[in-house]
Amino acid sequence: MRHTPRWRKFGRMISIETRTQELTGALRRAGVRITRQRAALLAVVAAAKDHPDAVELHRRAHEKVPGISLSTVYRTLTELESQGVIHRHQFEGEAARFEHAKTAHHDHMIDVDTGAVVEFHSERIEKLQAEIAAALGYDIVHHRLELYVRRKRAAD
Ligand SMILES: [Zn+2]
């Protein structure tokens, strides 16, 4: 059963334009010049809902405005990450994938057969993690949870 996509509603409240402006502002603060190519990349990152890797983001940006190089994509993503406006996910056995940071907290399931990334959020898990950390004398600052999954087969 798919988890209730509560965070999706949250995500939809922030428009792609607002996200693009945030990314643009972050790059400007870092002293990066916003070329047409970079602007196209930022729009693509802001619109992505599927945790694309750099090669896929490059393909999408190139489709909008030809001429962006893959190395520019990598450098721009690194800068956005260091500004805290995107998250980099290093799932096992895959190229790093990227996601806009302005989403409600969620964890990821990675389908080991298809590479599909499924987002989920569980209050029970969040609470349990906090309890475990507290029992050991800690507050959680940040966490990442990745489940590597395979689709259940129908019994035959
Ligand atoms: Zn995600």
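Tutor: Begin with strand pairing: two strands pair if DSSP finds at least two bridges between them. The model is predicted. In it, three strands form an open sheet with mixed pairing, in the order β4-β3-β5.

Student: Which strands stand at the edges of that sheet?

Tutor: β4 and β5 do. Each has a single partner strand, so one side of each has no neighbour in the sheet. From one strand to the next, the twist averages 25°.

Student: In which sense does β3 pair with β4, and how does β3 run relative to β5?

Tutor: β3 and β4 are antiparallel, with four bridges between them. Strand β3, residues 107-111, runs parallel to β5 and is joined to it by four bridges.

Student: How many residues lie between β3 and β4 in their hairpin?

Tutor: Five residues lie between them. Within that turn, Gly 115 has a positive phi of about 80°.

Student: Next, burial. Is Ile 110 buried or exposed?

Tutor: The idea is a neighbour count: a residue is buried if 20 or more other C-beta atoms lie within 10 Å of its own, and exposed if 12 or fewer do. Ile 110, found in strand β3, is buried because 20 other C-beta atoms lie within 10 Å. Over the chain of 156 residues, buried residues make up 18%.

Student: Which residues does Ile 110 touch?

Tutor: Leaving out residues up to four places away in sequence, Ile 110 touches Phe 91, Val 117, Glu 146, Tyr 148 and Val 149. Take Glu 146 as an example: Ile 110 and Glu 146 are 36 residues apart in sequence, while their C-alpha atoms are 7.2 Å apart in space. For the chain, among contacts between residues at least 6 apart in sequence, 53% join residues at least 24 apart.

Student: Where in the chain are Glu 126 and His 143?

Tutor: Glu 126 lies in helix α6, residues 123-135. His 143 is in the loop between α6 and β5, the latter being residues 146-149.

Student: Why does His 143 count as exposed, and how does Glu 126 compare with the cut-offs?

Tutor: His 143 counts as exposed because it has 12 C-beta neighbours inside 10 Å. Glu 126 has 15 other C-beta atoms within 10 Å and is therefore partly exposed.

Student: Where is Ser 122 placed?

Tutor: Ser 122 lies in the loop between β4, residues 117-120, and α6. Ser 122 counts as partly exposed, with 13 C-beta neighbours inside 10 Å. Between the C-alpha atoms of Ser 122 and His 105 there are 10.0 Å, and the two are 17 residues apart along the chain.

Student: What domains does the chain have?

Tutor: The domain assignment gives domain 1, residues 6-100, and domain 2, residues 107-149. Taken over C-alpha atoms, the centres of domain 1 and domain 2 are 24 Å apart.

Student: How many residues of each domain are in contact with the other?

Tutor: Seven residues of domain 1 are in contact with seven residues of domain 2. On the domain 1 side, two are nonpolar, two polar and three charged.

Student: And which helix holds Gln 21?

Tutor: Gln 21 is in helix α2, residues 16-29. Gln 21 has 13 C-beta neighbours inside 10 Å, so it counts as partly exposed.

Student: Last, how many helices and strands are in the chain?

Tutor: The chain has six helices and five strands. From the N terminus on, the elements run α-α-α-α-α-β-β-β-β-α-β. The C-alpha trace spans about 50 × 45 × 30 Å along its principal axes.

Conventions:
Residues numbered from 1 in each chain as written. Predicted model: local features only at pLDDT ≥ 70, side-chain atom pairs only at ≥ 80, totals over all residues. Helix = DSSP H or I, 4+ residues; strand = E, 2+ residues; numbered from the N terminus. Domains from an automatic or database assignment. Contact = placed C-beta atoms within 7 Å. Nonpolar A, V, L, I, M, F, W, Y, C, P; charged D, E, K, R; others polar. Axes fitted to C-alpha atoms, helices over the stretch in contact; angles between N-to-C directions.
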